[in-house]
Amino acid sequence: MPLPHILLALLVTLVWGVNFVVIKLGLAEFPPLLFCALRFALAATPLLFLRGPMPAPLWRIVQIGLLLGVFKFGVLFIGMKIGMPAGLTSLVLQSQVFFTILIAALLLGERPSRRGMLGLALAASGLVLIGLERPMGDSLLAFALVLVAALAWAFANIATKRAGATDMLRLICWVSLVPPLPLLALSWVFEGPQAMAAAFEHATLVGYGSLLFVAFGATTLGFAIWSFLLSRHPASLVTPFALAVPISGLLSGWLLLDEALSPAGWLACVIVFVGLAITVLPKGLFGRLVSGSSRPTPGP
């Protein structure tokens, strides 16, 4: 993977890591299904300015929209609302990396290299170390819902890769058209019209600001870049970057919310990033970084 694409992937992990803190702020003011519906309705608005044909077959757009918008985020937001802490959610959700690699191997014939598997195992050990220090929360159901969301995201990754789209910004905007109506219907049934109306009546600038960040930062920008990378590289090379999302979430909490990291937490961050470097960096570049050399040794 070229360096610019690696930097794009790291940018997405930064945005998505901060996003879990922002989601918690938004869910304090909006019911989860309503919040998710509004998120995707806003994320679809760039279609008012984008021109051109549909970027993928309609059935594929609907498939991705249902998997990503309705199942993944609908279930995820409910899990966070009923008890999953933001930090632990960002950690458990990254099980989608391993789900995606397994599904890609079964359906697409993609086989990660031994070096890639070593890097994944190392990064996973860092996540486990982080998880040992995170409070589980009171709800086993909430934990199970986040796992279901991770599985839905894995299938959405495969569907995105199979879409064959070239304009990923237009793809994610078209995909964002699918979830709002089903999610609004579910919100009406399960959350009730009174809760929906009360959310708009009492929402503050923090609530609306979190909605804008989640819609345009995490969805439009984040998933457009993610889809772009999936369309150009094997899923087993792209999805491991998501293992850095909990790291950026923990670091953003440390920087923005003064949430302290223990020495074990800092060690876990280093382990995850080393594992990612082993997985995604070209072998020669990784060797030069480890040795501290910026260029190959001249030949005789």
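Axes are lines fitted to C-alpha atoms, for helices over the stretch in contact, and angles between them run from 0 to 180 degrees between N-to-C directions. The model described here is predicted. Two packed helices are described by the angle between their axes and by the distance between those axes.

Helix α5 spans residues 96-107, and helix α7 spans residues 140-163. Their axes lie 8 Å apart and form an angle of about 45 degrees. The two helices are therefore oblique to each other. The crossing of α5 past α7 is right-handed. On the α5 side, the contact is made by Gln-96, Phe-99, Thr-100, Ile-103, Ala-104 and Leu-107. On the α7 side, the contributors include Leu-147, Ala-150, Leu-151, Trp-153, Ala-154 and Phe-155. Asn-157, Ile-158 and Arg-162 of α7 also take part. By class, this contact of α5 with α7 has eleven nonpolar residues, three polar residues and one charged residue.

Helix α2 (residues 32-43) packs with helix α9 (residues 180-190). Their axes come within 8 Å and cross at roughly 160 degrees. That angle makes α2 roughly antiparallel to α9, because angles over 145 degrees count as roughly antiparallel. The crossing of α2 and α9 is left-handed. From α2, the contact draws on Leu-33, Leu-34, Cys-36, Ala-37, Phe-40 and Ala-41. From α9, Pro-180, Leu-183, Leu-184, Leu-186 and Ser-187 take part. Ten residues of the α2 and α9 contact are nonpolar, one is polar and none is charged.

Cys-36, one of the α2 residues in that contact, has 0% relative accessibility. Cys-36 therefore counts as buried, because buried means under 20% relative accessible area. Cys-173 is also buried, with a relative accessible area of 0%. The structure holds zero disulfides.

α1 passes α11 in a left-handed crossing. The contact of α1 with α11 has 19 nonpolar, six polar and one charged residues.

Terms used
Residues numbered from 1 in each chain as written. Predicted model: local features only at pLDDT ≥ 70, side-chain atom pairs only at ≥ 80, totals over all residues. Heavy atoms only, no water. Helix = DSSP H or I, 4+ residues; strand = E, 2+ residues; numbered from the N terminus. Parallel < 35°, antiparallel > 145°, perpendicular 65-115°, else oblique. Left-handed = near helix turned anticlockwise from the far one by under 90°. Contact = heavy atoms within 4.5 Å. Nonpolar A, V, L, I, M, F, W, Y, C, P; charged D, E, K, R; others polar. Disulfide = S-S within 2.5 Å. Buried < 20%, exposed > 50% of the residue type's maximum accessible area, 1.4 Å probe, protein only.
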